[in-house]
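Hi,

Here is the structure I promised to pass on. Have a look at it first, and then read on for what turned up.

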Amino acid sequence: PNRGRHFLGGEPVHCGDELELRVDDGAWVRGRYEWNPAAGDVRPWLHVGGDAVQLDSDSRLRWPRT
């Protein structure tokens, strides 16, 4: 975090942004980024389908490929 904001590839990440997460089998899955430190969130989440994955420093993320 940098002053309450995360950055990916030098660009700020905003709540609701779509990102891709690399999962254990090497695939990339697309999800919606959420993080609200004011509500007590220590780490951000990525909502993928009906699941929410809590992200950490080992999470590999990228901006979606088109």
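W35 is buried, since its relative accessible area is 11% and the cut-off for buried is under 20%. In the chain, W35 sits in the loop between β4 and β5. R5 is 30 residues away from W35 along the sequence, yet their C-alpha atoms are separated by 9.1 Å. Before you go further, please keep in mind that this is a predicted model.

What does W35 belong to? W35 is one of the eight residues of the largest nonpolar core.

Now for the overall fold. How many helices and strands does the protein chain have? There are zero helices and seven strands, so reading from the N terminus you simply get β-β-β-β-β-β-β.

As for dimensions, the C-alpha trace spans about 30 × 25 × 20 Å along its principal axes. The radius of gyration is 11 Å, which agrees with the value near 11 Å that a compact globule of 66 residues would have. Of the contacts with a separation of 6 or more, 37% are between residues 24 or more positions apart.

And the surface? Buried residues account for 21% of the 66 residues. The protein chain exposes about 4,700 Å², with carbon and sulfur atoms supplying 45% of that area. On the charge side, there are 9 positive and 11 negative side chains, and the centres of these two sets lie 5 Å apart.

- A38 is in the loop between β4 (28–34) and β5 (45–48). Is A38 buried or exposed? A38 is exposed, with a relative accessible area of 78%. Its C-alpha atom is separated by 22 Å from that of S59, which is 21 residues away along the chain.
- G10 lies in the loop between β1 (6–8) and β2 (11–13). G10 counts as exposed, at 58% relative accessibility. From G10 to P37, 27 residues apart along the chain, the C-alpha separation is 21 Å.
- D56 is found in the loop between β6 (51–54) and β7 (61–62). D56 counts as partly exposed because its relative accessibility is 36%. D56 and E34 are 22 residues apart in sequence, and 13 Å apart in space from C-alpha to C-alpha.

Cheers

Conventions: Residues are numbered from 1 along each chain as its sequence is written. This is a predicted model: local features need pLDDT of at least 70, side-chain atom pairs count only at pLDDT 80 or more; totals for chains, interfaces and linings use all residues. Side-chain values use heavy atoms; hydrogens and water are left out. Helices (H or I, at least four residues) and strands (E, at least two) are DSSP runs, numbered from the N terminus. The radius of gyration is taken over C-alpha atoms; the globule rule is 2.2 Å times the number of residues to the power 0.38. Buried means under 20% relative accessible area, exposed over 50%, partly exposed in between (1.4 Å probe, protein chains only). Contact means heavy atoms within 4.5 Å. Accessible areas come from the Shrake-Rupley method with a 1.4 Å probe; for residues, only the protein chains shown count as cover. Lys and Arg count as positive and Asp and Glu as negative; His and the chain ends are not counted. The place of a charge is taken as NZ of Lys, CZ of Arg, CG of Asp or CD of Glu. A nonpolar core is a set of buried Ala, Val, Leu, Ile, Met, Phe, Trp, Tyr and Cys residues joined through side-chain atoms within 4.5 Å.
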